[in-house]
Each structure stands twice: as C-alpha cells, then as structure tokens.
Amino acid sequence: MSVAIRECGSCSACCTVIGVHELEKGTYETCEHLCEAGCGIYAERPQSCRTFECQWLRGALEVDGSIDTEMRPDASGVIFDYHPDTAFGEVFTAWEVEPGASASGRARSIIKGLEERFLVIIMTRGPEGEGGSGDRSFVGPPHLVAQATDVMWSRPVR
Ligand code: SF4
Ligand code: SF4
C-alpha cells in the first residue's frame, strides 16, 4: 500500500463515485456521510474507504512529471484506483467522474501507458445514473482482457 503525499482539498469525488459495500452505498451514489467539511465519520469510516488507493492522492501515474491539481479527480474527471489481484496481478480502475473523461487528455495518456502492462477497468456512469451500478469495460494486454471478459463481469469492482 502506498502513502498519500497530497491532500484532497475540495475534492470529494470518490465519496460519490465509488461503492462502499459496508454502507450499502452503490457506485455513483453520494455517501450519506459526506458533508461540507468532508467525511462526517472519518475516524470510523469503513474499511473500503480506508483501503481505497486514489492514485492522484499518492502522487502516482505521472505522465510528464507535472501531475498536479489539473489531474485531481474533480478537475480531470477520472479517479484512478489501484488494487492487487490474485488472478490479474495488479489492476487499475479508471472511474469516470465526468462522462467521457477517460477518453481524452491526460487521463487517456495515463490509461494508454497503463494498458501496455496492466489490466485497466474503465468504469462509466450507467444509463440509470445516480445509484446505478455503472458500466465497465476493459483495456490492457489482450490475454488479460480476454480473461477479464470471461470472469470479471460477475465480480463487484469494489
Ligand atoms: S478522489 Fe482522490 S483526491 Fe478526490 S476526495 Fe477521493 S481520495 Fe481525495
Ligand atoms: S464514509 Fe466517508 S470516506 Fe467513506 S464514502 Fe462516505 S464520506 Fe466518503
């Protein structure tokens, strides 16, 4: 697990976009504990929130050495998440905060760099909108994408 080197500031994107099963909070559903100052239960937040590895917060995924507030998820429109996986090795998830944001700009450059080596799950808000499960697609080395297409659809992303 890597260590946060940045601060969230006014971003709270993950508290809406990413599901928290302990709270029965679905993806793309705003957490009931989110308040103006941030997480209202920070000291007691669930394990899913504690183990979530926002790659921007950790200073990872730099393309040109200049990742900064432009790439903070509320500005870039994409949250990059990472988790080790027994079947796929290391897996990155690009969660779209803004529809279409993963397909352009520096977010796209980051995904292009990752997909050469890793399975990348791209999560987009589904047609059902807030509280919907979101749609997922895969990019990466062809053998990993084929394997993910076979086995990953039934798995929750988080
Ligand atoms: S998406 Fe990242 S930067 Fe934004 S609130 Fe969550 S952890 Fe912080
Ligand atoms: S419990 Fe706190 S950290 Fe977790 S999603 Fe809700 S507001 Fe965010």
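# Two ligands, one chain

Student: How do the residues in the shell around ligand 1 divide by class?

Tutor: A residue is near a molecule if its C-beta atom, placed from the backbone, lies within 6 Å of it. Ala, Val, Leu, Ile, Met, Phe, Trp, Tyr, Cys and Pro count as nonpolar, Asp, Glu, Lys and Arg as charged, and the others, Gly among them, as polar. By these classes the shell around ligand 1 has nine nonpolar, one polar and one charged residues.

Student: What kind of model is this?

Tutor: Residues are numbered from 1 along each chain as its sequence is written, while chains are lettered from A and ligands numbered from 1 in the order in which they are written. Local features need pLDDT of at least 70, side-chain atom pairs count only at pLDDT 80 or more, and totals for chains, interfaces and linings use all residues, for this is a predicted model.

Student: Which residue is the charged one around ligand 1?

Tutor: The residues around ligand 1 include Cys8, Cys11, Cys14, Cys54, Trp56, Arg72 and Ile79. One residue of the shell is charged. Arg is in the charged class, and the shell holds Arg72.

Student: Which residues surround ligand 2?

Tutor: By class, its shell has seven nonpolar, one polar and one charged residues. They are Cys15, Val20, Cys31, His33, Leu34, Cys39, Ile41, Arg45 and Cys49.

Student: Is Cys39 buried or exposed, or does it fall in between?

Tutor: Cys39 sits in strand β2 (38-39). Buried needs 20 or more other C-beta atoms within 10 Å of a residue's own, exposed 12 or fewer, and partly exposed lies in between, with C-beta atoms placed from the backbone. Cys39 has 16 such neighbours, so it counts as partly exposed.

Student: How far is Cys39 from Cys15, C-alpha to C-alpha?

Tutor: Two residues are in contact if their C-beta atoms, placed from the backbone, lie within 7 Å. Beyond four places in sequence, Cys39 is in contact with Cys15, His33, Leu34 and Arg45. Cys39 and Cys15 are 24 residues apart in sequence, but their C-alpha distance is 8.2 Å.

Student: Why is β5 largely enclosed by the rest of the structure?

Tutor: Look at burial along the strand. β5 is largely enclosed because, of its six residues, the number buried is five.

Student: Which strand pairs with β5 in parallel?

Tutor: Two strands pair if DSSP finds at least two bridges between them. Here five bridges join β5 to its parallel partner. Thr93 stands opposite Ile121 in β5. The partner is β4.

Student: How many residues lie between β3 and β4 in their hairpin?

Tutor: β3 and β4 pair in the antiparallel sense over eight bridges. Val78 stands opposite Glu96 in β4. The number of residues between the two strands is three.

Student: Why are the buried residues of α4 on the same side?

Tutor: The buried residues are Ala107, Ile110, Ile111 and Leu114. An α-helix has 3.6 residues a turn, so residues three or four places apart point the same way. The arc is that of the directions from the helix axis to the C-beta atoms. The four lie on the same side of α4 because they cover an arc of only 100°.

Student: Is Tyr28 buried or exposed?

Tutor: Tyr28 lies in the loop between α1 and β1. Its phi is positive, about 55°, although it is not a glycine. Most residues other than glycine have a negative phi. With 23 C-beta neighbours inside 10 Å, Tyr28 counts as buried.

Student: And Glu24: buried or exposed?

Tutor: Glu24 lies in the loop between α1 and β1 (34-35). Phi of Glu24 is near 55°, a positive value. With 9 other C-beta atoms within 10 Å, Glu24 is exposed.
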